[in-house]
Amino acid sequence: KVAIKGIERELICPACKELFTHPLILPCQHNVCHKCVKEILFAFEDSFADGGSESSNQSSPRIRISASSMDRIDRINRSGIKRNSLTPRSTLFPCPGCQRDIDLGERGINGLFRNFTLETIVERYRQAARAAIAITCDFCKPPPQESTKSCMDCSASYCNECFKMHHPWGTVKAQHEYVGPTTNFRPKILMCPEHEMERVNMYCEICRRPVCHLCKLGGGHANHRVTTMSTAYKTLKEKLSKDIEYLISKESQVKAHITQLDLLLKETECNSERAKQEASQSFEKLYHVLEEKKSAALRAIETSKNIRLEKLQTQVEEYQGLLENNGLVGYAQEVLKETDPSCFVQTAKQLHVRIQKATESLKSFRPAAESTFEDFVVDTAKQEDILGDLSFHSNGLEIPEINEEQSRMYNKALICWECPGKTDSADIYVLEYHKLNREDESVTWQKTEVCGKSKVLSDLDDDSSYAFRVRGYKGSICSPWSREVILHTPPAPVFSFLFDDKCGYNNEHLQLNPRRTSVESRAGFPLLLGSERLQVGCYTTLDYIIGDTGIAKGKHFWAFHVEAYSYLVKVGVVPSNKIQKLFHNTHDVTSPRYEQDSGHDSGSEDAFFDSSQPCTLVTLGMKKFFIPATPAAPKDPASRILPLPSCLGICLDCDRGRVGFYDAGRMKCLYECEVDCSGIMYPAFALMGGAAVHLEEAVTAKYREYHNNI
């Protein structure tokens, strides 16, 4: 690539990489050719229709939509928005200059100004570059003559004869403004793109663009700070002139910096060659080690082969001797021909021993050597992993640390990390994770590249444990791996619901937020008026609220937060056939055995009280979690009181008829019991006094960015 020098660098469109043609000024103050803007918007519309696929941009190879814009396309497509038009109607424009999505407003392209100043400068540059090429007359018959002037009102170039013909004396055209030959025709008055019959006479300091008086009176700039065009012209020209004078006065400093940069270019070339040589030497050492290991392994295999072949060959020869008239059998047959007893006995004794051994070996045949070489398989799995991690390690690149407090495992996994020095020294991060499985000894890490410091994963299994680690990369240099962190997924798919603001909702005592994800009990004046009518031994009832969605079958999990200041909160599930009883139950706080007129302190009434409850609930409050008093629970009351987790979860298994209460941060079950799931089950909550419950927010692709903005 040839470096663009001089002023030409400022005259190149960031989209087509060519000189500007009818440039438009975007709201972000970058300039793009009018044709390029239309092509990008057409490609953007095609991406909406094709679901953001990569093939949708193949028609315009010079136009490239940023990754953030493609993410926006995916989100809009998932929301069900459809766009069908022969003209680009998208108000979202991915600027090729700053790589950000720019909102063009309701008028789209029609609301953009042409940059006539830049257009004029480009025309001067072109004329200087093609000084030898003349501009021809637009009205001459072929061959056209060289033009002598251009009419700014007609936007055309003429030779002397054609100009007189089309601008006769005594007509309106004779008053047209003409200049020297040019191809850049700009209007005399800059008109407002939103109000086409109005000229711009003011400058909006908020939007940094010219506006007309209608824009200021009732348009999109009504409440913006504006100034007169002459004042803006004078102010901006003074600022620009001062800045240019300052840069010109620092010419010697700029030249010194250029000299320093030239030296750095040369040093970079030399240092890169030196680094290449050192890297080559390091790999040559590895090649040498591998060659030595390879040669040793091949020699060992060859030696073992020769030993085995020798043993097998000897065994073959021994068995060949057992054939008739051959070897040992042939020799024994010849001995049998001996008629002298003394001589026969002398030879036959030893021969008989050999024959017996041959007979036994024949009965229990076993090869003298194995033919397989399974013991000589080279296991390079660990070495391959090590070589896969082979990179340029740098002490200057900080080791990232996974933040377990900010990381979440819910409907999806949100993994967050940070650098100890709080500096973003890495260009990109690589996050690896794998599922923990005791049966599978081999570990296969799944890898994903991340540009930021968080990643949302959606391909994890329920009720599983995963190990995570992350490292940073800056170019080809990488940091060591972070400490592995083990996180647990929910025991079942996440169930989404909101608080029901209709069924039994008491708006005098309970207050919902607009999104219906938080509920708070208001222990205010109405509660005091209610307690004024109560006598000794009576207790205020709980205020119940349920979820707006029920569960008929399957296994589901949901999580929520209980504020630390909460005095009394009950959470659990309720069947649909007992909801009415739930909201009209008057004995939902405590047993009457402590009342003054009860007459006794028996525990038998507790059993009746527990069995009469219309729903399955556990009690929370005062930063404690209370395990219900059941026959299976510990008898010591102190052992049934646990610290209240920061996030609680409930897992309902309708198929098994069981409900579990979890510490959602560690996904640890605190208490589990049977529940009647004969009807549709609803999440149930009860509050008394000062208390608040917040439903856990689902993890989305923009969850981390949203909370950072907050």
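This is a predicted model: local features need pLDDT of at least 70, side-chain atom pairs count only at pLDDT 80 or more; totals for chains, interfaces and linings use all residues.
Good morning, everyone. Let me begin with the whole protein before I turn to single residues. The model contains 14 helices and 34 strands, and of its 710 residues, 34% count as buried. If we take the contacts between residues that are at least 6 apart in sequence, 61% of them join residues at least 24 apart. As for the surface, the protein exposes about 45500 Å², and carbon and sulfur atoms supply 53% of that area.

Now to the rings. How many aromatic pairs does a search of the whole structure find? The search gives 14 aromatic pairs, and I will show you two of them. The pair formed by Phe 139 and Tyr 158 is stacked, with 4.7 Å from centre to centre and 5 degrees between the planes. This pair links distant parts of the chain, since Phe 139 sits in the loop between helix H3 (116-129) and strand S6 (149-151), while Tyr 158 belongs to strand S7 (residues 156-158), 19 residues apart. Are these two residues buried or exposed? Phe 139 counts as partly exposed because its relative accessibility is 38%, whereas Tyr 158, with a relative accessible area of 2%, is buried.

The second pair, Tyr 410 with Phe 557, is edge-to-face, at 6.4 Å from centre to centre and with 70 degrees between the planes. Here too the pair links distant parts of the chain: Tyr 410 is in the loop between strand S14 (408-409) and strand S15 (413-418), and Phe 557 is in strand S25 (residues 555-562), 147 residues apart. Both Tyr 410 and Phe 557 are buried.

Let me return for a moment to Phe 139 and Tyr 158, which ring pairs join with Phe 163 into a cluster. Phe 163 also has a charged residue over its face, namely Lys 149, at 5.0 Å from the ring centre. Elsewhere, Arg 469 lies over the face of Trp 445, and there the distance from the ring centre is 4.0 Å.

Next come two other arginines. Where is Arg 208 found? It is in the loop between strand S9 (202-204) and strand S10 (209-211), and it counts as partly exposed because its relative accessible area is 45%. Leaving aside neighbours within four places in sequence, Arg 208 is in contact with Pro 27, Gln 29 and Tyr 203. From Arg 208 to Val 226 there are 18 residues in sequence, and the spacing from C-alpha to C-alpha is 9.3 Å.

Arg 408, by contrast, lies in strand S14, and it counts as buried because its relative accessibility is 11%, where the limit for that word is under 20%. A polar atom of the Arg 408 side chain lies 2.6 Å from the backbone oxygen of Glu 697.

Finally, please look at helix H8, which covers residues 327-336. Which residues are buried in this helix? They are Leu 328, Gly 330, Ala 332 and Val 335, and what covers the buried residues of H8 includes helix H9 (341-363).

Notes. Residues are numbered from 1 along each chain as its sequence is written. Side-chain values use heavy atoms; hydrogens and water are left out. Rings of Phe, Tyr and Trp (its six-membered ring) pair if their centres lie within 6.5 Å; planes under 30 degrees apart count as stacked, over 60 as edge-to-face and the rest as tilted. Helices (H or I, at least four residues) and strands (E, at least two) are DSSP runs, numbered from the N terminus. Buried means under 20% relative accessible area, exposed over 50%, partly exposed in between (1.4 Å probe, protein chains only). A charge sits over a ring if NZ of Lys or CZ of Arg is within 6 Å of the ring centre and within 35 degrees of the ring normal. Contact means heavy atoms within 4.5 Å. Accessible areas come from the Shrake-Rupley method with a 1.4 Å probe; for residues, only the protein chains shown count as cover. A polar contact is a pair of N or O atoms within 3.5 Å; within protein, one must be able to donate a hydrogen and the other to accept it, and residues adjacent in sequence count only if both atoms are side-chain atoms.
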